[in-house]
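Visitor: Please walk me through this model one feature at a time. I would like the general idea, then the case at hand.

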Amino acid sequence: MAPVDSTPTFESPQPPAKYCILSYPAPNVLLVRLNRPKDLNCINMEGHAELHKIWEWLDAEPSLSVGIITGTGRAFSAGADLKEWNARNTAGQKREMVSSGFGALSRRSGRKPVIAAVNGLAFGGGCELIVNCDLVVASSNATFALPEVKRGVVAFAGALPRIVRTIGKQRAMEMALTGRTVSALEAREWGLVNKVVGDREGEVVEAAVEYAKMIAENSPDAVIVSREGIKMGWEGMGAEDATRLANDVWFSRLQAGENIKEGVRAFVEKRKPKWKAAKL
């Protein structure tokens, strides 16, 4: 487990966390650890709502720049809580998913980046969740699968139209139609994973924290705008339309802020920039 190095002073209170553990392994970095190891970190409906509030807080809290999500125990997340799902089906109750999707990430737009530190199996919704994360680090024993077809259901939380843009049609079809398990190394080869590390306890979180620290050292405003530009292209907007929108809306806001001036000034003065919290 990565050490807790920094607990920032918050402008808004930390949301309550019943199904996960929140910590701060580096300045400006939030670590969210799913904490239902006996249930392989399956996420129930209450857990989705909890995570939705946590990621909204990440976006709004000036002292935080990057989020990381990982799991406790041998699983990252085995997906939906099928026991709860079955109980709701038996009682005739609908499952109302939060608008941001599975784990409040699979359909999240958001402002600030979230890194998945995949410590074990990521199946079903757990795999859908990582597809929409901004970076993915995996331990060598991590595995990925969309096994919904084996249960007579569909990966409806947002992964299907997104994963095809990351790994291509044929590989996306292979995962979604066969439900087979993909290894960490294969997922990296396909472009679903940025980096594979060893399986020592905490190693994958440490690697994710290193990425997060690199991001957090940069201008918070520039990170938000850069992420938005990439996301607009990835989600299907044409390259010129995305560039035009990024320039007209986001870059104009970036120019109005202090961080762009500070970045140039620090370069000329040969010193490290003193960033202010994002105001976008």
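Guide: Tyr24 has 4% relative accessibility, so Tyr24 counts as buried. The scale runs as follows: buried is under 20% relative accessible area, exposed is over 50%, and partly exposed is in between (1.4 Å probe, protein chains only). The model is predicted, so local features need pLDDT of at least 70 and side-chain atom pairs pLDDT 80 or more, while totals for chains, interfaces and linings use all residues. Residues are numbered from 1 along each chain as its sequence is written, and side-chain values use heavy atoms, without hydrogens and water.

Visitor: What share of the protein chain counts as buried?

Guide: Of its 280 residues, 50%. The secondary structure comprises 10 helices and 10 strands. These are DSSP runs, numbered from the N terminus: helices are H or I with at least four residues, strands E with at least two.

Visitor: How many aromatic pairs are there?

Guide: First the general idea. A ring pair is described by the distance of the centres and the angle of the planes. Rings of Phe, Tyr and Trp (its six-membered ring) pair if their centres lie within 6.5 Å; planes under 30 degrees apart are stacked, over 60 edge-to-face, and the rest tilted. By this rule there are two aromatic pairs. One joins Phe10 to Tyr24: the centres are 5.2 Å apart, the planes are at 55°, and the pair is tilted. Phe10 sits in the segment before β1 (20-26) and Tyr24 in strand β1, 14 residues apart, so the pair links distant parts of the chain.

Visitor: Is Phe10 buried or partly exposed?

Guide: Partly exposed, at a relative accessible area of 24%. Phe10 also pairs with Trp57: ring centres 4.8 Å apart and planes at 75°, so this pair is edge-to-face. Trp57 belongs to helix α1 (residues 45-60) and Phe10 to the segment before β1, so parts 47 residues apart in sequence are tied together. Trp57, at 6% relative accessibility, counts as buried. Phe10, Tyr24 and Trp57 make up one aromatic cluster.

Visitor: Now helix packing. At what angle do α4 and α5 cross?

Guide: Two packed helices are described by the angle and the distance between their axes. Axes here are lines fitted to C-alpha atoms, for helices over the stretch in contact, and angles run from 0 to 180 degrees between N-to-C directions. Helix α4 (residues 159-167) and helix α5 (residues 169-178) cross at roughly 135°, with axes coming within 7 Å. The two helices are therefore oblique to each other. On this scale, under 35 degrees is roughly parallel, over 145 roughly antiparallel, 65 to 115 roughly perpendicular, and the rest oblique.

Visitor: Which residues make the contact?

Guide: Contact means heavy atoms within 4.5 Å. From α4 come Leu160, Ile163, Val164 and Ile167; from α5 come Lys169, Arg171, Ala172, Met175 and Ala176. By class, that is seven nonpolar, no polar and two charged residues. Ala, Val, Leu, Ile, Met, Phe, Trp, Tyr, Cys and Pro count as nonpolar, Asp, Glu, Lys and Arg as charged, and the others, Gly among them, as polar.

Visitor: Where does Asp134 lie?

Guide: In the loop between α3 (125-131) and β7 (135-139). Asp134 is partly exposed, at 30%. Not counting residues up to four places away in sequence, Asp134 touches Arg108, Lys112, Pro113, Val114 and Arg227.

Visitor: Last, backbone angles. What is the phi of Leu40?

Guide: Positive, about 55°, although Leu40 is not a glycine. Leu40 is in the loop between β2 (29-34) and α1, and is partly exposed at 22%. Lys270 also has a positive phi of about 55° and is not a glycine. Lys270 is in the segment after α10 (259-268) and, at 77% relative accessibility, counts as exposed.
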